[in-house]
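Here are my notes on the model you sent over. Have a look at the structure first, then work through the points below.

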Amino acid sequence: MSMSQPVNFQSKLNLFSEHWSPKVVAEMNDYQFKLVKIQGEFTWHHHSDTDETVIVLEGSMGIEFKERTVHLSEGEMFVVPRGEEHKPFAENECKVLLVEPRGVVNTGETGGTLTAESDVWV
């Protein structure tokens, strides 16, 4: 999909309300930019083949790892290393931009009820 118009994050975020269900808003080469709303706890998972970039647009969140927890506030980003098991969480609703290769499943190889359909555009 080519971009002929700027992407407005807020207007795209207004188009959906579900949590833990990333929506694609743009692509660059083989990478997708996905907006997601998160709240509560996600599932432990990892991505064997890729790093994952998390950028907090609004709110705050944490990413739990086996040995540490990373806390992110609005305007901050973190790159989750490939293969490292992690569990995102947010006490209150947090709006996030994810940058990752096309086809990445949100729950990695873990699966389960929080697995979202991939490649859904908004």
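Predicted model: local features only at pLDDT ≥ 70, side-chain atom pairs only at ≥ 80, totals over all residues.

Where is Glu67 found?

1. Glu67 sits in the loop between strand E4 (60-65) and strand E5 (69-73). Glu67 is exposed, with a relative accessible area of 77%. For the cut-offs, buried is under 20% relative accessible area, exposed is over 50%, and partly exposed is in between, using a 1.4 Å probe and protein chains only.

2. Residues are numbered from 1 along each chain as its sequence is written, and side-chain values use heavy atoms, leaving out hydrogens and water.

3. On to the strands around that loop. A hairpin of 3 residues links E4 to E5, and the two pair in the antiparallel sense over 5 bridges; pairing takes at least two DSSP bridges between two strands. Ser60 stands opposite Ser73 in E5. E4 also pairs with strand E7 (residues 86-101), again antiparallel, over 4 bridges, and there Ile63 has Pro88 as its bridge partner.

4. Gln32, in strand E2, is worth a click. Gln32 is buried, at 0% relative accessible area. Its side chain makes a polar contact of 2.6 Å with the side chain of Asp119 (N or O atoms within 3.5 Å; within protein, one must be able to donate a hydrogen and the other to accept it, and residues adjacent in sequence count only if both atoms are side-chain atoms).

5. For the aromatics, a search of the whole structure finds 2 pairs (Phe, Tyr or Trp rings, six-membered ring for Trp, with centres within 6.5 Å; planes under 30 degrees apart are stacked, over 60 edge-to-face, the rest tilted). Trp20 and Phe42 have ring centres 4.6 Å apart and planes at 25 degrees, so this pair is stacked. Both residues, Trp20 and Phe42, are buried.

6. Last one: Phe16. The charged end of Lys37 sits over the Phe16 ring, 5.2 Å from its centre, and Lys23 lies over the face of Phe16 at 5.7 Å from the ring centre. The test is NZ of Lys or CZ of Arg within 6 Å of the ring centre and within 35 degrees of the ring normal.
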